Each structure stands twice: as C-alpha cells, then as structure tokens.
Protein chains: 2
Amino acid sequence: MPTLDRIERALHASLQAIEGAGRPPRLAAAMNHAVFPSGARIRPQLVLAVARACGEDDPALTDAAAVAVELLHCASLVHDDLPCFDDAATRRGRPSVQKAYGERLAVLAGDALIVAAFEALGRATGQHVSRLPALLATVCRGVGMPLGIVAGQAWECEPQVTLRDYQQAKTGALFAAATMAGALSAGERPEPWRALGERLGQAYQVADDIRDVVGDAQALGKPVHRDIALDRPSMTRELGLDGALAEFHRLMDETEAAVPVCPGAAGFRALIRHEARRLVPSDLGAIVRIEPLPLLHVQAA
Amino acid sequence: MPTLDRIERALHASLQAIEGAGRPPRLAAAMNHAVFPSGARIRPQLVLAVARACGEDDPALTDAAAVAVELLHCASLVHDDLPCFDDAATRRGRPSVQKAYGERLAVLAGDALIVAAFEALGRATGQHVSRLPALLATVCRGVGMPLGIVAGQAWECEPQVTLRDYQQAKTGALFAAATMAGALSAGERPEPWRALGERLGQAYQVADDIRDVVGDAQALGKPVHRDIALDRPSMTRELGLDGALAEFHRLMDETEAAVPVCPGAAGFRALIRHEARRLVPSDLGAIVRIEPLPLLHVQAA
C-alpha cells in the first residue's frame, strides 16, 4: 500500500475507534475537520520511513506511532489557530476549526485529539508491549514540557526568547519524536535518529518563516505576514531574508549529514536534497503549498 | 505515609520530572498554579483506595495512575475556566490560571498537563509493563471521545443534550477511570469498580449543581450561579432544588450499593454515607468548600 494511503487509513481507523453511540456529534465533526482532508503528513511519513529503514517488524505499532504524532500535530494546529494565538480563519485552504466550529469546540477538539493520540499508541501494542513505555516517553517529550511543541508555543508568551531554542521546541521536537518513534516502533534504538528529526524540523520552521514573508496566502492555504503582525520571533525578522535562506540551507545540509548508517541512507539523503529544493526553490516566486515528501520510495533505495 | 501526603508528593514528583533547562518559565509556573495548592484530590484518593482494596502490589504504578487522573482533572479545570467557557476569575479560592497567567498560557498549561499525565503513566511501568495498555486505555476513555470528560464539556456546544448523559460524561467518566485505574494498577480486573466510580461522579456533579444554586462563592472558592448565567444544563434547573436533592441521595445510595465484595467494603460504604452528608448537608446553609474524602482509612477497615 502506498505510504500516504496507509497513513490516511490508519488515521481514519484511529478516529473510528473512538466513535460510538453517545458521542457529541459536533465535537466529532470538529475533530474530523482538524485531521481530514490530508495535510502534508510529513511527520507520519517520517515515522514510517525510519521504521522501514530499521527493519519494521510490527506494522500496527508503526502505524500507531505515525497516527499519534500526526494527531498531536493536528491538535497543535487547532490550538495555534485560536483567537488568543494566531486567530487564523483558514488552514489548509479551508476554514480553520475555530472558524468553522467556534472557539469552544476548537479548544475541546484539540484536547480530544491529544487524548486520541495516546489512546492509539496504547491500542496497538499487543505484540510488543515492552516497546510502549519508551514510545510513550518519546512522543510525550516531543509535545510537552520542558522542550516539546507546547513549550515551543509557550515561548511566544515569554518576554525573552532565544530564537533557535524556540524553533527547536516549536517544530524540531515533534520531528525528532517522529524519527525516534519510527525507530522504537521497529524495536531499534531511537538516539541515532534524533538529529535527523531535529534538523529537518528546524529547517521546516525556517522555511515556514520564509514562506510567511514571500508566500501567497491562497497558495499556502493559510494567512501570511503573521510573524510581524503578531510580533512573533522569526528567522527572517532576526537575520533578514538572505540570512534566513542561508540558515535554511545550513540546516538541510546538517539534516543530510545526520542520516544514520542504514540500508536506505543514500535514498534518504537524495530525498532531503529534493525536499530542500521543493521547500525553498531558488526561484522564491515559485513557492507553493507544501506537498508531501515522497518518502514512500525510501524502502526501495 | 498519609494518603494526601502521598498524593501531593507524587504530583510534585511528576511536575519535577518535566522540569529542566530550556523550559519556558511562565508555562511551568502556570502548570504549578493549576495543580497546587491542593484541591480536594477526590479522584486520586479513589485510585489509591481502590488499589489498596485490591491488594496493591506496585505503589509506583498506583501513584502514577493517581497522578494521571488528577493532572487530567486539573487540565480540564484550566480549560473550563477559559473565557470562551466559564470565564472564571477564581478557582480554589485563588485567581484562575487564565486570570493569573492569561488566556494563552491557560490553553497551553492545560495541553501540557494532559501530556504530563500520560508521561507519568508511562514512566512508572518498570515492574508491570503488561498493565500499561489497559491503564492507558482506561484513562483515555475517561477523558476523550466518545464518553469522557472532554466529550462531556462538548455537550455544552450541542443544541440538544440528555442531562444524565452530559453529567455522566462531564464528571462520572473520570471518576470511573479513577476507580478502574486503581484496580488495574494493582493487577485486578477493572470492571467491578466501574459503577462505583460512575455513580459517585454523577453524585458529585449533582452536588456541584446544588452548590451552584445555594452555595457561597467565597466558601466554595469559585463563582456561583453560573449554570443559569451560562445557560448550562443542570440538575437543579431540570428538577428544581428538591428534585436535585432527591437525585443526589438516589445516586449516593447507588454508589453505596456498587461497592464490590472486598476486604474494605464495609469501610467504603461508611465513607460514602459520611461523604453524602458532607457534600450536601441536611442544613443546606452549611455547605462549605469540599474537603478531602478521608479515604485514607479504608485500608484499615
């Protein structure tokens, strides 16, 4: 099954598992709106790609890790779009959850998606229950305190912030959780995969900053020029556009160098180069909506 | 160690475990504000009391279950107090998190507490990892979709709601998760403990409705008369004060009848009668702030 189909199927199954008589229908609809139709699904693709590179032996557990990471990402987007943060009316080219369902259901949909992420992880550990504690810890550290994406978002509420720490927590942490969870779901050590996730996540965040400056709202499916409007730290504000571009390419080089020795290493590196060109093309006017990473080909590399 | 000391110590340890260099200090402070000083700690006391009645054999795991349930309860209070829900300025006699730290940090503190709850659960399963999947599933069902406390809160956003379903989800679900997690943490079957938790939780919710009508904001430590102000379903609105009182006593009788056969059963039943008199005294003017259940004596019963 192609990687994206597998991810969509696993995400659908995770929400179906918590359907049931007696559920509040508008909350269920808001959660679906937050998860479907597909975003780029970068993080779950990373989970699957790393699991394959590690000799995946428990596809249900890998699916659960991918689902957990993606549901947590979706939850963070729903809460980031709330009026008290970005107050975004659009997301992925459609109304944001808070716009479509109201602020209260957006708060609750985010909460319920966080819980659903952990429920999915617990449900899939029949074969390899011994892998669950480390998986749980890794995913939690990618999201919570002290260095996960919630902590990253909280740096926007502090009087002083170091930009790299902020971006590492805001984006790098969940990317690192994705690569590490992929390894853990296959029964392998997670540490060799941390740096790859961290650098790629930081690069994505810098690309996001660049797109916020030079991008087009319609093409990106979300508002632009928000970093200045919300007085938010960003690499383009700190280093200027040229400085941010240099930082992006430095991070993508580090990402490439961070690929561990594994059967698919050459393929991974080629994809990272491809991804760098796609995320921030040399012709900046060509920046369009982020498309999925073609990581499905890694296994064959 | 007395039960409440044990709970406070475990809660402190759970937040200390996610301290660390590089954390955003205001989020850390908001999370502490949400958890300390002590609320009534009813739910973690239930976890511990049931675990003891089941022959507790892994205190670290029981502590983790108690911590998880209480952190999730604290998270729900922080989000319930947000401007888009109750807009409460006070909680436990102090400024609410949103009042003290602002709306953005209240959203994030709630999110981070949810994650911290699951992280605590995963961290404690060294001895009995085989108990983790069921514990995780039980706690998730108490909180998430379709019937947990987040779903309960979401019924406030639906045009139509059945009051008992709403109250069962809004409060009963996490009480049931508490009793069932207590049994699971001791390696026992959870189902015999479900009804006790559900009924007691429903009774608490009805008591809360009654206190909202006849209580005093200063004594309760939170605003009163909110159900009518927020057009929220409540037992006193549906049945009147007398009807709500009758429903409360019916639920407490059912709670007493739901105590499973176990060495501490007589003590449990006596405590439930004591708790009923304390929650809703026959002299309604005597309603004061909810004090902890003295469940620490159950073991000796």
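Me: Is A:Gly126 buried or exposed?

Reply: This is a predicted model, in which local features need pLDDT of at least 70 and side-chain atom pairs count only at pLDDT 80 or more, whereas totals for chains, interfaces and linings use all residues; side-chain values use heavy atoms, with hydrogens and water left out. Residues are numbered from 1 along each chain as its sequence is written, and chains are lettered from A and ligands numbered from 1 in the order in which they are written. Buried means under 20% relative accessible area, exposed over 50%, and partly exposed in between, with a 1.4 Å probe and protein chains only. A:Gly126 has a relative accessible area of 71% and therefore counts as exposed. A:Gly126 belongs to the loop between H6 and H7 of chain A. Its C-alpha atom is 8.6 Å from that of A:Leu61, a residue 65 positions away along the chain. Helices here are DSSP runs of H or I with at least four residues, strands are runs of E with at least two, and both are numbered from the N terminus.

Me: What is the mean pLDDT of chain A?

Reply: pLDDT is the predictor's confidence in each residue, from 0 to 100. For chain A the mean is 89, and 93% of its residues reach 70 or more. Over residues 296–301 of chain A, however, pLDDT stays under 50, and the model has 11 contacts there beyond four places in sequence; contact means heavy atoms within 4.5 Å. Where pLDDT is low, the predicted coordinates should not be read in detail.

Me: How many residues of chain A are in contact with chain B, and how much area do the two chains bury between them?

Reply: The size of an interface is often given as the accessible area lost when the parts come together. Buried area is that loss, taken with a 1.4 Å probe and summed over both parts. In this model 50 residues of chain A are in contact with 50 residues of chain B. The two chains bury about 4400 Å² between them, 76% of it on carbon and sulfur atoms. In chain A the residues that lose the most area to chain B are A:Arg104, A:Val115 and A:Met145, together 16% of what that side buries.

Me: Which polar features does the interface of chain A and chain B have, and which helices of chain A supply its side?

Reply: A polar contact is a pair of N or O atoms within 3.5 Å; within protein, one must be able to donate a hydrogen and the other to accept it, and residues adjacent in sequence count only if both atoms are side-chain atoms. Six residue pairs are in polar contact across the interface, both residues being at pLDDT 80 or more. Between chain A and chain B there are zero salt bridges, a salt bridge being a side-chain nitrogen of Lys or Arg within 4 Å of a carboxyl oxygen of Asp or Glu. Helices H2 (25–35), H6 (103–123), H7 (132–143) and H8 (149–154) of chain A each supply at least two residues of the side that touches chain B. H6(A) gives the most, with 12 residues.

Me: Where do A:Asp57 and A:Arg131 lie, and how far apart are their closest N and O atoms?

Reply: Side chains of opposite charge can pair when their charged atoms come close. A:Asp57 and A:Arg131 form a salt bridge with the closest N and O atoms 2.9 Å apart. A:Asp57 lies in the loop between helix H3 (42–53) and helix H4 (59–80) of chain A, and A:Arg131 in the loop between H6 and H7, so that the pair links distant parts of the chain, 74 residues apart. A:Asp57 is partly exposed at 37% relative accessible area, whereas A:Arg131 is buried at 14%.

Me: Which helix holds both A:Arg250 and A:Glu247?

Reply: Both lie in helix H13 (residues 235–257) of chain A, three residues apart, about one turn of the helix. A:Arg250 is partly exposed at 34%, and A:Glu247 is buried at 6%.
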